[in-house]
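Me: I'm new to this one and would like a walk through it. Pick a residue to start with, and we'll go from there.

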Amino acid sequence: MAVLNYAAREITCKIVYCGPGLSGKTVNLQQIYKMVSPDRRGELVSLATETERTLFFDFLPLDLGTVQGFKLRFQLYTTPGQALYEASRKLILRGVDGLVFVVDSQKSRLEENVRIFEALKKELAAVGYDFNTLPFVFQYNKRDLPDIVSVEELNQRLNPEGKYKYFEAVAIEGKGVMETLKAISQEVLLKLTRG
């Protein structure tokens, strides 16, 4: 839930990047960190294992200007994708304002994407959120790799009603990263202004 600080005239929103392990969540934050001017971002905090897997979360604060006289700040988090970190994911999801689900487009990962997406909905419900009311976008990552699932099939399996925006990405090259961030930021702001 967005935090309003009237005294400081600040709004702070929390966006969480979810998805299977090694789908590219951390890479998204690393690319955003590189692309955003140092005066608009804080330090990227990353707790990774030796295999580059996120141990608990990555965190990147961003300052995105002002809205109606309020400074707008976004806090970007990732969740660990591995099943054994379910408790960590639930903790990170508390207070969420918007979600990005980073999909690994490789055919061999399709069922894992579907399983983690369904698990996300249950984990949100367990911490008191209705998935259907949260701003949400998909990022179909790793589109540069061979043997990937078509966008049509990904939509069929993950987004059958076409309800959510999706973006093709090659996060490791920065492609689609800022488009995804812009879209989820707009969705969060839209929800805030509607109240």
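**A first look around**

Reply: Let's begin with D147, which is exposed, with a relative accessible area of 55%. Here buried means under 20% relative accessible area, exposed means over 50%, and partly exposed is in between (1.4 Å probe, protein chains only).

Me: Good. What should I know about the model before we go on?

Reply: This is a predicted model, where local features need pLDDT of at least 70 and side-chain atom pairs count only at pLDDT 80 or more, while totals for chains, interfaces and linings use all residues. Residues are numbered from 1 along each chain as its sequence is written, and side-chain values use heavy atoms, with hydrogens and water left out.

Me: Back to D147, then. Which residue does D147 form a salt bridge with?

Reply: The partner is K107, with the closest N and O atoms 3.7 Å apart. D147 sits in the loop between β7 and α4, and K107 in the loop between β6 (98-104) and α3 (110-126), so the pair ties together parts that are 40 residues apart in sequence. K107 is partly exposed, at 48% relative accessible area.

Me: What counts as a salt bridge, and how many does the structure hold?

Reply: A salt bridge is a side-chain nitrogen of Lys or Arg within 4 Å of a carboxyl oxygen of Asp or Glu. The structure holds twelve of them.

Me: And why do such side chains pair at all?

Reply: Side chains of opposite charge can pair when their charged atoms come close.

Me: Which residues are linked in a network of salt bridges?

Reply: D104, R109 and K142 are linked that way. Between R109 and D104, the closest N and O atoms are 3.1 Å apart.

Me: Is that pair buried or exposed?

Reply: Buried on both sides: R109 has a relative accessible area of 18%, and D104 has 0%.

Me: What about the phi angle of K142?

Reply: K142 has a positive phi of about 65 degrees although it is not a glycine. Most residues other than glycine have a negative phi. You'll find K142 in the loop between β7 (136-141) and α4 (151-158). R9 also has a positive phi, about 55 degrees, and is not a glycine. R9 lies in the loop between β1 (3-5) and β2 (10-18), and R9 is partly exposed at 39%.

Me: Now a salt bridge inside a helix. Where do E86 and K90 lie?

Reply: They are both in helix α2 (residues 86-93), four residues apart, about one turn of the helix. E86 is partly exposed at 37%, and K90 is partly exposed at 24%.

Me: Zooming out: how many helices and strands does the chain have?

Reply: Five helices and eight strands. Along the sequence they run β-β-α-β-β-β-α-β-α-β-α-β-α. Helices (H or I, at least four residues) and strands (E, at least two) are DSSP runs, numbered from the N terminus.

Me: How does the radius of gyration fit a compact globule?

Reply: With 195 residues, a compact globule would have a radius of gyration near 16 Å, and the protein chain has 16 Å, which agrees. That radius is taken over C-alpha atoms, and the globule rule is 2.2 Å times the number of residues to the power 0.38. Along its principal axes, the C-alpha trace spans about 50 × 35 × 30 Å. Of the 195 residues, 49% are buried.

Me: One more. How far apart are A119 and G19?

Reply: In sequence, 100 residues; in space, 10.0 Å from C-alpha to C-alpha. A119 belongs to helix α3 and is partly exposed at 22%.
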